[in-house]
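Please look through the sequence and the model shown here before reading on. The briefing then takes up a few topics one at a time.

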Amino acid sequence: MPPKKKGAKTAAQEPEKAEPSPSPVTAAVAPGSARSGGRRRGPPTSEPPVSPKQGGGGEPGSSEQPSKKRRKERLPVDGGTTSAAHAAVAAAAPPADAFAPPNGADALSPLSPPYEAGMGGGRRADDRLMEAVVKVFTVHSEPNFSLPWQRKRQYSSSGSGFVIEGRRLLTNAHCVDHHTQVKVKRRGSDTKYVARVLAIGVECDIALLTVEDESFWEGLEPVRFGGLPRLQDSVTVIGYPIGGDTMSVTSGVVSRIEVTGYAHGAAELLGIQVDAAINSGNSGGPAFNDRGECVGIAFQSLKNEDTENISYIIPTPVIEHFINDYERHGRYTGFPSLGIEWQKMESPVLRQALGMQPKQRGVLIRRIEPTSPVSEVLSKGDIVLSFDGVDIGSDGTVPFRSGERISFTYLISQKYTGDEARLRILHEGAVKEVSVRLRSPRRLIPVHINNAPPSYYILGGLVFTPVTVPLLRSEYGKEFDYEAPVKLLDKMLHAQAENVTQQAVHAQAENVTQQVVVLSQVLAADVNVGYEEIVNTQVLKVNGQAVNNLKDLLAAVAGSKEEYLSLDLEYNQLVILDKAAAQAATADILTQHCIPHDRSEDLRAEAAAAAAGEQPAAAAAGTKEEEEEQAGAAGMDVDVAGKEGGLPGSGAQPAE
């Protein structure tokens with residue numbers, strides 16, 4: 001049956017809410033962009049804030065309860081105390097008389113180096129670590145994807161961040177998502193400084209900030225990054241979680257290191273699981289080892305009735321990749337993808353039937369993205385034996401440190417967009433060496449549109465827009481992966497783009513690949529009588545011309561010489577409008593609904609450029625190489641057979 005929106009509420013009846021937390025659409029789409037930022041200040045809804053005693057689920061300002069089946073963020077739980085963190089690592093501390101605190105000051109923290117000369121009044125060296133941690137205040141203005149010509153009511157949130165070299169700050173991407181203003185405050189200060197966002201890494205959930213005011217940097221020292229910790233190593237997480245306004249310090253140990261789902265960006269990257277408390281507001285705060293080195297960034301936690309104390313930090317290899325990527329290109333280009341879906345080959349019968357030798361191991365290529373560069377050198381049914389000289393196991397893992405193995409996608413994530421990789425493959429029984437170029441992944445239904453406003457086009461009250469995960473979440477709520485139309489969910493999980501437009505892709509997602517364009521709603525008027533109940537149904541053709549993206553739809557309408565416009569929709573639905581009457585009625589419909597334009601700004605800019613005989617600015621700004629390097633919707637290569645739904649990224653939820 002044709003899709004219907006969940007519930008019968010209208011936009012006026014439905015209270016404005018922040019973008020809900022992602023759902024467990026298994027691997028490929030971690031609809032994880034969830035709510036931005038850390039602790040919410042300023043309720044976007046009329047419901048009372050969640051009581052800290054509730055211990056999680058939902059978020060301040062929302063009355064929704066968590067699903068028992070989902071990974072949820074830790075929200076209103078006390079973040080612990082400094083003394084608790086110190087006690088946890090007391091065993092690693094030097095003898096009590098190792099240092100002599102000056103002027104009768106308190107004993108040293110077990111995490112601290114000795115007192116420093118000139119630090120009168122008993123100031124300890126570990127104060128430098130805490131002073132490097134700042135509180136991040138963000139004002140968000142999210143697009144209203146259900147009404148794409150307007151934005152939701154702005155709201156405020158708070159998170160954490162810390163100082164790195166080059167007078168820069170790191171925090172989480174979800175802390176500054178759709179930001180209109182970002183400010184930071186130092187520990188013990190009453191002054192908030194305006195910060196500027198330099199780069200946002202959606203996949204890795206990291207953002208880079210700076211502050212122009214020189215006084216902010218006085219006395220601040222950047223943190224030092226350490227290497228990848230080992231299991232059972234102690235970690236201390238510092239930040240500003242819910243439960244108070246001052247700094248909180250919690251401690252724990254490293255529980256697990258593996259490739260894990262990043263909820264915000266729908267990617268699968270290296271992650272560290274710890275048992276330290278990471279709650280709402282901790283996001284973006286550093287995690288230190290017992291030598292005072294930063295080994296990660298707090299960003300999400302796993303919470304449901306079956307789990308306890310499962311939190312995640314972004315490890316230094318991912319952080320360094322983000323920073324190096326920005327310094328190389330002057331912008332963030334993303335983590336690359338191989339552009340394949342693969343299957344484990346643990347069955348000896350499968351290996352034998354496909355011509356593998358007894359000692360050969362590898363993974364089977366199930367499908368190749370048609371728009372990926374590897375489609376020119378790889379084929380469905382090929383077996384990938386090694387990546388850059390590292391042999392791949394039958395379960396898709398490679399050796400990782402002593403006695404450990406990790407998914408071979410970790411090797412891909414160490415590369416940069418545009419890099420070359422060497423693959424040894426088994427093709428039709430023969431071993432071959434091939435070289436492939438890596439680029440950022442693209443999805444037919446993107447998880448993010450890089451903080452750009454959504455595109456739309458209105459004709460005769462019919463509202464057309466491309467499908468994105470934020471649109472599905474806006475229309476069907478947190479449980480959109482159960483409530484959205486099956487046809488759209490199938491495309492989100494399994495469909496691949498068949499072509500790529502030859503325009504640059506700096507801001508607008510519609511320039512990246514083909515789109516799934518839907519008739520999202522019908523603004524009732526005399527000209528469209530009988531079509532009022534159609535919602536979120538894909539447009540397949542306009543007057544017999546296939547609709548590849550929203551621009552194709554506009555071109556088909558503008559170029560039609562027929563008296564009627566005939567729209568072929570999914571589910572074999574047919575919509576026919578009188579073209580002249582629809583165009584004449586559009587202005588009155590826009591006025592009635594207080595809509596300023598019949599199309600989004602990006603489409604107006606291209607129309608103006610075309611009328612002037614010029615190339616659109618976005619297209620002129622980029623080269624084909626930049627198009628290949630541009631980060632599209634987040635994601636990584638995944639073991640489709642080994643994960644429910646076969647797509648990357650449904651990790652735990654951001655600890656806002």
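Residues are numbered from 1 along each chain as its sequence is written, and side-chain values use heavy atoms, with hydrogens and water left out.

**Confidence**

- The chain has a mean pLDDT (the predictor's confidence in each residue, from 0 to 100) of 78, and 72% of its residues reach 70 or more.
- Over residues 7–123 pLDDT stays under 50, and the model has 312 contacts (heavy atoms within 4.5 Å) beyond four places in sequence for this stretch.
- Residues 616–652 also have pLDDT under 50 throughout, with 151 contacts beyond four places in sequence.
- Where pLDDT is low, the predicted coordinates should not be read in detail.

**Salt bridges**

- The structure holds 19 salt bridges, a salt bridge being a side-chain nitrogen of Lys or Arg within 4 Å of a carboxyl oxygen of Asp or Glu.
- One of them joins the side chains of Arg187 and Asp127, at 3.9 Å from N to O. Arg187 lies in the loop between strand E5 (179–185) and strand E6 (192–201) and Asp127 in helix H2 (residues 127–131), so the pair ties together parts that are 60 residues apart in sequence; helices (H or I, at least four residues) and strands (E, at least two) are DSSP runs, numbered from the N terminus.
- Arg187 is partly exposed at 37% relative accessible area, whereas Asp127 is buried at 14%; buried means under 20% relative accessible area, exposed over 50%, and partly exposed in between (1.4 Å probe, protein chains only).
- Arg424 forms a salt bridge with Asp391, where the closest N and O atoms are 2.9 Å apart. This pair links distant parts of the chain, with Arg424 in strand E20 (residues 420–427) and Asp391 in strand E17 (residues 390–391), 33 residues apart.

**Cysteines**

- The count of disulfides comes to zero, a disulfide being a pair of cysteine sulfur atoms within 2.5 Å.
- Cys294 is buried, with a relative accessible area of 0%, whereas Cys594 counts as exposed at 68% relative accessibility.

- Ala298 is found in strand E12 (residues 294–302) and counts as buried because its relative accessible area is 0%.
- Ala298 and Gly161 are 137 residues apart in sequence, while their C-alpha atoms are 9.6 Å apart in space.
- Leaving aside neighbours within four places in sequence, Ala298 is in contact with several residues, among them Asn172, Val237, Tyr312 and Ile313.
- Gln360 is found in the loop between helix H4 (348–353) and strand E15 (363–368), and Gln360 is buried at 16% relative accessible area.
- A polar atom of the Gln360 side chain lies 2.9 Å from the backbone nitrogen of Gln357.

**Positive phi angles**

- Gln232 has a positive phi of about 75° although it is not a glycine, and Gln232 is found in the loop between strand E7 (206–211) and strand E8 (234–239). At 67% relative accessibility, Gln232 counts as exposed.
- Arg401, also not a glycine, has a positive phi of about 60° and lies in the loop between strand E18 (397–399) and strand E19 (405–407). Arg401 counts as partly exposed, at 27% relative accessibility.

Technical notes
This is a predicted model: local features need pLDDT of at least 70, side-chain atom pairs count only at pLDDT 80 or more; totals for chains, interfaces and linings use all residues. A polar contact is a pair of N or O atoms within 3.5 Å; within protein, one must be able to donate a hydrogen and the other to accept it, and residues adjacent in sequence count only if both atoms are side-chain atoms.
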